[in-house]
Amino acid sequence: MKQIFCITFVLASVLLFACEDEDEIEPSLLNYSYDFKNDLEGWTVGFADYPVGEEDFYELNSAHMPLPFPLNENKKALMVEGNNHSDDLFMFISKKISGLDSSTTYDVKFTVELASNYPESWVGIGGGPGSSVYLKAGISQTQPQTFEKEGMWELNMDKGNQSEGGKEMLVLGHIGTSREDEQYVLFTHRQTKENTLTLKTDKSGEAWLIVGTDSGFEGKTRLYYNKVTVSLKETDD
């Protein structure tokens with residue numbers, strides 16, 4: 001009996017130390033989640049790929065406001081809208097995060113929940129109001145900002161163009177719904193395993209998140225961002 005107890009104790013000790021070793025080498029995981037319930041939580045709105053001075057003509061607007069009917073109108077979200085006269089309007093939201101380890105590489109995963117009322121099956125000028133408006137997400141050490149170039153407002157990041165991603169932003173999907181009418185619905189876009197995004201931090205341990213829509217539809221788009229979740233997992237360089 002004493003011999004069996006000793007063997008059991010040794011096996012338990014080995015398993016315990018093995019678990020401790022696994023915890024020590026497990027890469028750190030950081031989660032950031034924003035639901036815009038009470039305020040914008042530090043997110044700001046920007047617009048790019050439109051002519052300088054044409055903000056009114058493009059009907060650019062944003063607000064912290066209730067979700068539209070028939071969704072929960074007691075719940076607020078971040079509304080962003082614009083009229084894509086240039087066939088290339090980019091509407092985005094961005095926020096700085098901190099608390100990352102310095103000089104560290106992270107795998108980054110985005111999950112974005114938004115409300116849209118544009119059926120995927122509908123067609124329109126330049127493209128469909130749902131299927132040709134592409135949702136993108138990215139992360140950078142540089143603050144997302146616009147700058148003037150040849151009479152246009154351009155973004156200082158490589159976001160790609162419409163259905164194509166860039167070095168700093170990837171495509172999560174489009175804003176089209178499965179309905180055939182203009183009723184608003186909530187839906188979620190997540191990155192696939194093949195759709196990877198990485199960040200190498202500097203000494204500050206800070207970074208900028210950016211989520212936006214790149215439009216090929218020549219018309220007005222109004223969206224409600226309901227929740228943005230980002231996870232960063234430390235990885236080998």
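## Close-up views of a predicted model

**View 1. Asp158 reaches back to the backbone.** A polar atom of the Asp158 side chain lies 3.3 Å from the backbone nitrogen of Gly160. This is a polar contact (a pair of N or O atoms within 3.5 Å; within protein, one must be able to donate a hydrogen and the other to accept it, and residues adjacent in sequence count only if both atoms are side-chain atoms). The Asp158 side chain also has a polar atom 3.2 Å from the backbone nitrogen of Lys167. Asp158 sits in the loop between β11 and β12. Strands (E, at least two residues) and helices (H or I, at least four) are DSSP runs, numbered from the N terminus. Asp158 has a relative accessible area of 33%, so Asp158 is partly exposed. The cut-offs are under 20% for buried and over 50% for exposed, with partly exposed in between (1.4 Å probe, protein chains only). Asp158 and Glu168 are ten residues apart along the chain, and their C-alpha atoms are separated by 5.5 Å. Beyond its neighbours within four places in sequence, Asp158 is in contact (heavy atoms within 4.5 Å) with Gly166, Lys167, Glu168 and Met169.

**How to read the views.** This is a predicted model, with residues numbered from 1 along each chain as its sequence is written. Local features need pLDDT of at least 70, side-chain atom pairs count only at pLDDT 80 or more, totals for chains, interfaces and linings use all residues, and side-chain values use heavy atoms, leaving out hydrogens and water.

**View 2. The whole chain comes to one helix and 17 strands.** Of the 237 residues, 42% count as buried. Take the contacts between residues at least 6 apart in sequence: 82% of them join residues at least 24 apart.

**View 3. Lys220 and Glu81 form a salt bridge.** Side chains of opposite charge can pair when their charged atoms come close. A salt bridge here is a side-chain nitrogen of Lys or Arg within 4 Å of a carboxyl oxygen of Asp or Glu. The structure holds eight of these bridges. For Lys220 and Glu81, the N to O distance is 3.8 Å. Lys220 lies in strand β17 (residues 220-235) and Glu81 in strand β5 (residues 76-83), so the pair ties together parts 139 residues apart in sequence. Are these two residues buried or exposed? Lys220 counts as partly exposed, because its relative accessibility is 36%. Glu81 counts as buried, because its relative accessibility is 6%.

**View 4. Glu206 pairs with Lys96 in a salt bridge.** Their closest N and O atoms are 3.9 Å apart. Glu206 is in the loop between β15 (198-200) and β16 (207-215), and Lys96 is in strand β6 (residues 90-97). The pair links distant parts of the chain, 110 residues apart. Glu206 is partly exposed at 29% relative accessible area. Lys96 is partly exposed too, at 41%.

**View 5. Lys159 and Asp214 pair in a salt bridge.** Here the closest N and O atoms are 2.9 Å apart. Lys159 lies in the loop between β11 (152-155) and β12 (169-174), while Asp214 lies in strand β16, 55 residues apart. Both residues are buried.

**View 6. Gln191 lies in the loop between β14 (185-190) and β15.** Gln191 counts as buried, because its relative accessibility is 12%. Its side chain reaches the backbone oxygen of Asn195 at 2.9 Å. A polar atom of the Gln191 side chain also lies 3.3 Å from the backbone oxygen of Val108. Setting aside residues up to four places away in sequence, Gln191 touches Val108, Lys109, Phe110, Leu170, Leu172, Thr196 and Leu197.

View 7. A cavity is a set of points, on a 1 Å grid over the protein atoms alone, where a 1.4 Å probe fits but cannot get out; lining residues have an atom within 4 Å of a point. Points are joined across faces, edges and corners, and the volume is the space filled by probe spheres set on them. The structure holds one cavity of 30 Å³ or more. The largest cavity has about 30 Å³ of space. (Ala, Val, Leu, Ile, Met, Phe, Trp, Tyr, Cys and Pro count as nonpolar, Asp, Glu, Lys and Arg as charged, and the others, Gly among them, as polar.) Thr221 lies in strand β17. Thr221 counts as buried, because its relative accessibility is 3%. Apart from residues up to four places away in sequence, Thr221 touches Val80, Glu81, Gly82, Met91, Tyr118, Val133 and Ile175.

Notes:
1 Å grid on protein atoms, 1.4 Å probe; cavity = no way out; pocket = protein on both sides within 12 Å on 5 of 7 lines; lining within 4 Å.
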